[in-house]
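Hi everyone, thanks for coming.

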Amino acid sequence: MNKWNKIVAKLHQLIDYPISFRHFGKKSLILCPLQIDGKKNIFVGNHVVVGGYSWLAAMPLTNNDKPQLIISNNCSIGNFNHIYATSEIIFEDSVLTADKVYISDNLHTYEDVSKPIIEQPIKQLKKIRIGEGSWIGENVCIIGASIGKHCTIGANSVVTHDIPDYSVAVGAPARVIKRYNFETQQWEKVEDK
């Protein structure tokens, strides 16, 4: 990031964001955002960094008139992330995402084949929670599913079902391949069923 972009980001952090966001925490920074929609519905905790060219949104496009996007303390969101809440997406503390991650609690409907998809309504999916201390790998898509705490989601995975705490999940669709066993204090492979 060049010097000018850093200056602009700091000015937004100091002047615009504290009054336009629902909350904008101390020592947090959004670097060169691509787009931010619904700032009044977005909560950013302390010591958060959102990488460049990311799109953050919390917009009432479904029946929920109070959508929210919460990015808790010490989160690091990669470059080119696209995070779109129409109901609720919550990042717990210390979540790390790589670049080009897509997270959405909604999707476009396509049932009416007589209409272009752009003219069809938005379908609300489940609320999303990304658990404390989890890592989301590059190019991951999370659509209407939650991730437990201290999870790793491998690069290029597509998550459409909830992932339990202390799991490693990979693939499209993502499936759990390892879980942490507190009795043995080791990560153990999950047997295919």
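Let's start with Cys-141, which is partly exposed at a relative accessible area of 25%. For that scale, buried is under 20% relative accessible area, exposed is over 50%, and partly exposed lies in between, using a 1.4 Å probe and protein chains only. A word on the source: this is a predicted model, where local features need pLDDT of at least 70 and side-chain atom pairs count only at pLDDT 80 or more, while totals for chains, interfaces and linings use all residues. Residues are numbered from 1 along each chain as its sequence is written, and side-chain values use heavy atoms, leaving out hydrogens and water.

Cys-32, at 17% relative accessibility, is buried.

Now the sheet. Five strands form an open sheet in the order E1-E4-E7-E10-E15, with parallel pairing. E1 (23-24) and E15 (128-130) are the edge strands, each with a single partner strand, so one side of each has no neighbour in the sheet. Strands are DSSP runs (E, at least two residues) numbered from the N terminus, and two of them pair if DSSP finds at least two bridges between them. E10 (residues 88-91) pairs with E15 over three bridges, and Ile-89 has Ile-128 as its bridge partner in E15.

Last stop: Leu-34 sits in the loop between E2 (29-30) and E3 (35-37), and at 56% relative accessibility Leu-34 is exposed. Thanks, all!

Note on methods. Helices (H or I, at least four residues) and strands (E, at least two) are DSSP runs, numbered from the N terminus.
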